[in-house]
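Open the model in your viewer and keep the sequence panel beside it. The stops below give a selection each time and then what is found there.

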Amino acid sequence: ADRWPAWPNRLMSGHFIVLIPADRQARPDHTVLQNVKEALALMAGTDEARVKDFGDRMQFIDCGENLERILCPACGAEAETGWWGHQMDHCWDDETGFDLHAHAMPCCGAPLALDRLTYEPHQGFSRWFVSVRNPGRGPLTPEEHSALERVAGASLAVIYQTY
């Protein structure tokens, strides 16, 4: 089930709730990911959910049109998008995905990897995700988030995507 279902009006803007591990190295087994998918779909009131597992390939899971800014956690300065884009290109490998090594931040020189930057709203790096098309509901409640973490057996980060 690693393909998107065929949704009507797929080319139109859509909203998605995406779960990734808080620890980018976390690797639950296939059954656990399927259980998280089913629990998320139930909470969203839809069966339009999917699991995507990239194997050992580290991917960037973005928030789409929701991105407001990227900040340096060391000094709070906003990262220039040109610099960030260059670093993203530099860290990408077609076979292994992203190599998340430290770069000197142009604002203060702090050595930080791209996954340590503060993305507003949240984005992240992961080898897998679980997502559901969000049919007009609001964000997950803290209780829902906790319930999904119990199903996953791990801490989860939530990304709200708009395309």
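**Stop 1: helix α1**

Select Leu-33, Gln-34, Val-36, Lys-37, Ala-39, Leu-40, Ala-41 and Ala-44: these are the buried residues of α1. Buried means under 20% relative accessible area, exposed over 50%, and partly exposed in between, with a 1.4 Å probe and protein chains only. Helices (H or I, at least four residues) and strands (E, at least two) are DSSP runs, numbered from the N terminus. An α-helix has 3.6 residues a turn, so residues three or four places apart point the same way.

This is a predicted model, in which local features need pLDDT of at least 70 and side-chain atom pairs count only at pLDDT 80 or more, while totals for chains, interfaces and linings use all residues. Residues are numbered from 1 along each chain as its sequence is written, and side-chain values use heavy atoms, leaving out hydrogens and water.

**Stop 2: the ends of α1**

Select Asp-29 and Thr-31. A side-chain oxygen of Asp-29 lies 3.1 Å from the backbone nitrogen of Thr-31, capping the N-terminal end of α1. Past the other end, pick Gly-45, which follows α1 and has a positive phi, near 70°.

**Stop 3: the sheet**

Select β1, β2, β11 and β12. They form an open sheet of 4 strands in the order β2-β11-β1-β12, with antiparallel pairing. The edge strands, each pairing on one side only, are β2 (49-53) and β12 (156-162). Neighbouring strands here are turned by 20° against each other on average, direction ignored. Two strands pair if DSSP finds at least two bridges between them.

Zoom in on β1 (residues 15-21) and β11 (residues 128-133), which run antiparallel and are joined by 4 bridges. Phe-16 stands opposite Arg-133 in β11.

**Stop 4: helices on the sheet**

Show α1 (residues 30-44) again: this helix lies across β1, β2 and β11, at about 20° to β11. Axes are lines fitted to C-alpha atoms, for helices over the stretch in contact, and angles run from 0 to 180 degrees between N-to-C directions.

**Stop 5: Ala-152**

Not counting residues up to four places away in sequence, Ala-152 touches Val-32 and Val-36. Finally, select Thr-31: its C-alpha is 9.8 Å from that of Ala-152, although the two are 121 residues apart along the chain.

Methods
Contact = heavy atoms within 4.5 Å. Polar contact = N/O pair within 3.5 Å; in protein donor to acceptor, adjacent residues only side chain to side chain.
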